Amino acid sequence: MAQVDRRTVLKAGAALAGSALATPAILTYGRGESPVKLGMVDPLTGVYAAVALSEVAGAKVAVEDINKKGGILGREVELLVEDSANNVGTGVQKARKLIDRDRVNCVIGDVNSAIALAMAGVTSEKGVLHIVSGGHTDAVTGKDCHWNVFRVCNTTTMDVNGIADTVIEKLGKKWYFLTPDYAYGHSVQDAFIRKLKAAGGEYAGDLVPLGTADYSAHLIKAKAYNPDVLINVMGGGDQVNSLKQFVGFGLNHQMAVSGTLFELESLRAVPPEALIGWWTMEWWWDQPDNPHVKVFVDKMRKATGHTPSARNWFGYTSVWTFALVANHAKSLEGVKLAHALEGFKLPPEVALQPGTPYYRPGDHELMSTMFAGEAHPAKGNPDNMFTVHSLVPGEKAAGPVAETGCTIHWS
Amino acid sequence: MTDLILYNVSNGLIIGAFYVLMALGLSLILNLSGVINFAHGGFLALGGYFAYTLAPYIGFWGALLVSPLLVALLGLILERTMIHRLYGRDPLYSLLLTFGLAFIFEDVTRAVWGATGLPFTVPDFLTKPLSSQFFFVTGYRLFMIAVVAIAVGGLFLFLRFSRLGVRIRAGTFDLDTVSTLGVNVKMLRSFNFALGIFLAGLAGVLAGGQLSLEPTMGANLLMPSFVAIIVGGVGSLPGTLLGGLLIGVAAGLTAVFWPAASDAVIYVMMAVVLLLRPRGLLGEEGLLT
């Protein structure tokens, strides 16, 4: 008996393709009568779920901290978390909802740069302070910068500049790229190529669709090119899968591997033999000389059961940035906050790193220190999978404001 | 260049073999019960996660067998309690149900095992490439092909020669007559459903060795499997086999010339097949109208 026709199967496929919509909001209620509301939009479902959830966890710890220390302008802080489902339309819709219906005073997010950029269009128009916690594409604080948008995580160019010299010097100048085919990937690859061309190197590479499960076809091409280094720009689960297969094919004996980020969330997801290569960390938990870091690490471990990652720090710092500047400016108004944030320095207990990071006036990018080094199987502590070889100051990696292409137009 | 193409054709066959395992399970359930099982990817992910949890106790080999059985058991329970109620109704009902189940699976997996990927380690001797020339043929991938070949061969023999298998095939053509002849159709469908889910669980364990375990891992593998069924022809298991291998090779070859399109090419292929031969390559005309 046949109840299903071919068209139904096709419709089913179409429905599956469009399934990334509509996921319910997770609400975190504060206490007081009229709390100061903060809205966070991050892809809690989809490929970036792991890093997004880390940002949310960091943000929650910050909210607890702030409420313990008297809140913002004496009022309780309430965090509203929305799922962008890794979809631009959904992200924009959630940002609008947070501003129009929930009346939030600040919007944080998104991990996905394309969503962050689209959200910035909404937040700037509505005059609400927007802190991009973890979307890395240059444009956010570059050619598409906005008066109200500030960013905690690095630009892709900064991440590249944090590691490229080390790669050229230590590993070689013939590169093969494995690059995810979307804004973030393209922007990282371009930044690497600029560095490589300046050093007189050569390259080839593949643009790989996001969410690719099998990398064998691309790795076959990489091997045929015979590079010194495979520059692996894939992110999240894609990075883990591609590295696992890279090692599985024994290519680690024939070429080095490097890239910009290999986040703690991803390090945890690969078997020990695939913990290899040279990377940058935007924040690293093992800073034995810094007592504030130890306090934060303990706090996060208590809250989540895990050693904090850079993403935890992004969420934590984003929320704290808003609280600090609002208390400093004694206002919740977007324009006032944005003006006050220009050049604003983070105190050591929020900065949690060497040096004093600040939001650069010209492009609103946080000038924070980068930790360049090598991944390796865990030594002692299970989260000790990375050794920092050099610290790169934010200003050095970012280059002058004039090169970012950002001009701030105050509305 | 010729080498590169040759490599990618054989590599495509390996990838295709994996899709076959997934698509055959989907196909079995679709053919006999008319259910488009959207939760198949969820069952696959569970197969991987169960294996991850079980492996420290019963080893990789034990997990390879026990995990798919557990997943099949879960499939059986869901079929008996929920899915069977929607047999014979508009297929959209069961489609929506399994669609919902897929979301539930994903979130339950995330709640139990966490959103962060988990490393699943396979026995050492399987992870090495067999030769430096054909470096992409690792022991593990050969092992995968062997498992797929055994599972697919076993399935076809079972459907061809066992009484139960013959009934499943007969049911695919005309369930009413099979029922009239005294076959317990209810049991037949339950068994068939569990069998399809077993294949998904097995695919999940195998995928775990290549990919990191993530709650969404099944979703990425589900669409190509659907495409394999449509290209091969709805209703035809050999067609599904052919479809799976073809899309693997197509994706592999496209990666040589235009890597960014390696994802899209299988859908283009599906569109072409639907335009030129709507029943699919080996589908029988009028079987599923």
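This is a predicted model: local features need pLDDT of at least 70, side-chain atom pairs count only at pLDDT 80 or more; totals for chains, interfaces and linings use all residues.
Chain A is divided into two domains. Domain 1 runs over 26-154 + 289-368. Domain 2 covers 157-281 + 371-397. Their C-alpha centres lie 28 Å apart. As for the contact between them, 20 residues of domain 1 of chain A meet 19 residues of domain 2 of chain A.

What supplies the domain 1 side? Three helices of chain A each give at least two residues: H2, helix H4 (113-126) and helix H11 (310-329). H2(A) gives the most, with three residues. By type, that side of domain 1 of chain A divides into nine nonpolar, nine polar and two charged residues.

Now bring in chain B. Here 46 residues of chain A are in contact with 52 residues of chain B. On the chain A side, at least two residues each come from helix H1 (6-17), helix H2 (49-68), strand S8 (202-208), helix H7 (216-225) and helix H8 (236-248). Which of these gives the most? H7(A), with eight residues. The chain A side that touches chain B holds 23 nonpolar, 13 polar and ten charged residues.

Let me stop at one of those helices, H8(A). At 1.5 Å a residue, its 13 residues should span 18 Å. The end C-alpha atoms of H8(A) are 19 Å apart, which agrees. Is H8(A) mostly covered or mostly open? Mostly covered: twelve of its 13 residues are buried. Among the buried residues are A:Val240, A:Leu243 and A:Phe246. After H8(A) comes A:Gly250, whose phi is positive, near 75 degrees.

On to chain B itself. Its secondary structure comes to ten helices and zero strands. Along the sequence, the pattern is α-α-α-α-α-α-α-α-α-α. The C-alpha trace of chain B spans about 60 × 50 × 35 Å along its principal axes. How does that fit a compact globule? With 289 residues, such a globule would have a radius of gyration near 19 Å. Chain B has 19 Å, which agrees. Buried residues make up 54% of the 289 residues in chain B. Now take the contacts in chain B with a separation of 6 or more. Residues 24 or more positions apart account for 74% of them.

Last stop, the core. In soluble globular proteins, nonpolar side chains tend to be buried together. In this model, the largest nonpolar core has 218 residues. Which members touch the most other members? They are A:Leu38, A:Val107, B:Phe18, B:Val20, B:Leu21 and B:Ala203. Helix H1 (residues 2-33) of chain B gives the most to this core, with 16 residues. Domain 1 and domain 2 of chain A both give residues to the core too, so the core lies between them.

Take B:Leu21 as an example. Leave aside its neighbours within four places in sequence. B:Leu21 is then in contact with B:Val148, B:Ala151, B:Leu199, B:Leu202 and B:Ala203. B:Ala203 is also on the list of core residues that touch the most other members.

That's the tour. Back to where we began: 20 residues of domain 1 of chain A against 19 residues of domain 2 of chain A.

Notes:
Residues are numbered from 1 along each chain as its sequence is written. Chains are lettered from A and ligands numbered from 1 in the order in which they are written. A nonpolar core is a set of buried Ala, Val, Leu, Ile, Met, Phe, Trp, Tyr and Cys residues joined through C-beta atoms within 7 Å. A residue is buried if 20 or more other C-beta atoms lie within 10 Å of its own, exposed if 12 or fewer, and partly exposed in between; C-beta atoms are placed from the backbone. Helices (H or I, at least four residues) and strands (E, at least two) are DSSP runs, numbered from the N terminus. Domain bounds come from an automatic or database domain assignment. Two residues are in contact if their C-beta atoms, placed from the backbone, lie within 7 Å. Ala, Val, Leu, Ile, Met, Phe, Trp, Tyr, Cys and Pro count as nonpolar, Asp, Glu, Lys and Arg as charged, and the others, Gly among them, as polar. The expected span of a helix is 1.5 Å times one less than its number of residues. The radius of gyration is taken over C-alpha atoms; the globule rule is 2.2 Å times the number of residues to the power 0.38.
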